[in-house]
Amino acid sequence: MRLTSSGHQIRRPGPENRSFIPRSTPINSMRTRFSGSGNVEFILTKNAELALRNARPMISNYPVGSAALTKDKGGQLWIVRGANIEFRNDHAIHPEESICDSLKVDETVQRIATLNGKKEIISPCGNSREALLTYSAADARFLKAKGEWLPIKDLLPSRPIKKASELSPEDQLLIDQAREIISDSYVPYTKKRKAAVILTQAGMPFLGTAQDDVTFHHHHAIEVALDAMHARGFDKIKAVVRLSEGTEVDPPCGRCRQKLFEESQKGRTDFKVIASNGESAMVGTISQWFPLGFGPRDLGVDISRTR
């Protein structure tokens, strides 16, 4: 069967599918040429299963494998595989990030499927969503469930824009607080000053500004504010404001949305998140900003027992 635009027709695997499923996946050979024939969903899920063999989750014991259909600038289609790798400092490279890292210049992701160690389909985390949006075609899709493909761009949605003056007095006060500290941003590399204010349910505000570093492992304003909040022993959030400069409203990145989603799971609250440039704003709950959230439950972790 030929590759369709939806890429998810179900058919019993035939020789045309099996030819794109290597018998082994050495670490230095994580891509295979693809002719365009075959059931894309079957081929990607089977390649994601193979990628699991290369997963090295030394901390979490949670292996993850991904497989993507990509297209290079010459029009050649590829199946590219990636697996998660964790390091002794508790950091990790996620499989979708690994795939993006291995792309050739002008090669883009068209379709992607991600599986956990139980071979269950899972949604990408916030970091991986950011990577995929950076290196995917405009119409790229991810496998949400068997037979169901959704646009990758839907993983990090925007919100309707409104005037900041239309927000509640409390929300406008948070924007004003962020405006007062945004000049404290240290951004010699990104040149993007940003500030964040996190208001707890107890009424305590915690502030943070963007902090760059030369290795480009920047500490984002929301992360700085979260660290300040945690240092004081607070964890139940009522609202978050992230202020940026420029004529356009800049939504929070995937990494910050992932951090905020974790907080929503800890506090069991779907709190409000506001992105603003001072004049305009986007408003939504964290579940609206971060649909299909990847969280503690995906790892089988009961965070209520860690508190």
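Predicted model: local features only at pLDDT ≥ 70, side-chain atom pairs only at ≥ 80, totals over all residues.
Helix α6 spans residues 221-231. Buried positions in this helix are Ala 221, Ile 222, Glu 223, Ala 225, Leu 226 and Met 229. Several elements cover these buried residues. They include the strands β10 (194-200), β11 (205-209) and β12 (237-244). Helix α7 (254-267) is also part of the cover. Just after α6 comes Gly 233, which takes a positive phi of about 85°.

Glu 223 is one of the buried residues of α6. Its relative accessible area is 6%, under the 20% cut-off, so Glu 223 counts as buried. Its side chain meets that of Arg 255 in a salt bridge, with an N to O distance of 2.6 Å. Glu 223 belongs to helix α6 and Arg 255 to helix α7, so the pair ties together parts that are 32 residues apart in sequence. Arg 255 is partly exposed, with a relative accessible area of 23%.

Other charged pairs were then examined. Side chains of opposite charge can pair when their charged atoms come close. A search of the whole structure finds 14 salt bridges. One of them joins Glu 245 and Arg 193, whose closest N and O atoms are 2.6 Å apart. Glu 245 sits in the loop between β12 and α7. Arg 193 sits in the loop between α5 (169-181) and β10. The pair therefore ties together parts that are 52 residues apart in sequence. Glu 245 has 41% relative accessibility and counts as partly exposed. Arg 193, at 31%, also counts as partly exposed.

Glu 263 is buried, with a relative accessible area of 4%. Lys 266 is partly exposed, with a relative accessible area of 23%. Elsewhere, salt bridges that share partners join Lys 46, Glu 49 and Lys 119 into one network.

Asn 277 is placed in the loop between β13 (272-276) and β14 (280-285). Its relative accessibility is 14%, so Asn 277 counts as buried. The side chain of Asn 277 reaches two backbone oxygens. That of Gly 246 is at 3.1 Å. That of Thr 247 is at 3.2 Å. Neighbours within four places in sequence were set aside when contacts were listed. On this basis, Asn 277 is in contact with Leu 243, Ser 244, Gly 246, Thr 247, Glu 248 and Val 249.

Phe 294 lies in the segment after α8 (286-289). This residue is buried, with a relative accessible area of 16%. Gln 258 is 36 residues from Phe 294 along the chain. Their C-alpha atoms are separated by 7.7 Å.

The search for empty space came last. Rolling a probe the size of a water molecule over the atoms shows where such space is left. The count comes to one cavity of 30 Å³ or more. About 30 Å³ of space lies in the largest cavity. Its lining consists of Ile 112, Ala 113, Thr 114, Ile 122, Pro 124, Phe 142 and Leu 143. Strands β6 (108-116) and β7 (136-145) each supply at least two residues of the lining. β6 gives the most, with three residues. By class, the lining has six nonpolar residues, one polar residue and no charged residues.

Note on methods. Residues numbered from 1 in each chain as written. Heavy atoms only, no water. Buried < 20%, exposed > 50% of the residue type's maximum accessible area, 1.4 Å probe, protein only. Helix = DSSP H or I, 4+ residues; strand = E, 2+ residues; numbered from the N terminus. Contact = heavy atoms within 4.5 Å. 1 Å grid on protein atoms, 1.4 Å probe; cavity = no way out; pocket = protein on both sides within 12 Å on 5 of 7 lines; lining within 4 Å. Points joined across faces, edges and corners; volume = space filled by probe spheres on them. Nonpolar A, V, L, I, M, F, W, Y, C, P; charged D, E, K, R; others polar. Polar contact = N/O pair within 3.5 Å; in protein donor to acceptor, adjacent residues only side chain to side chain. Salt bridge = Lys/Arg side-chain N within 4 Å of Asp/Glu carboxyl O.
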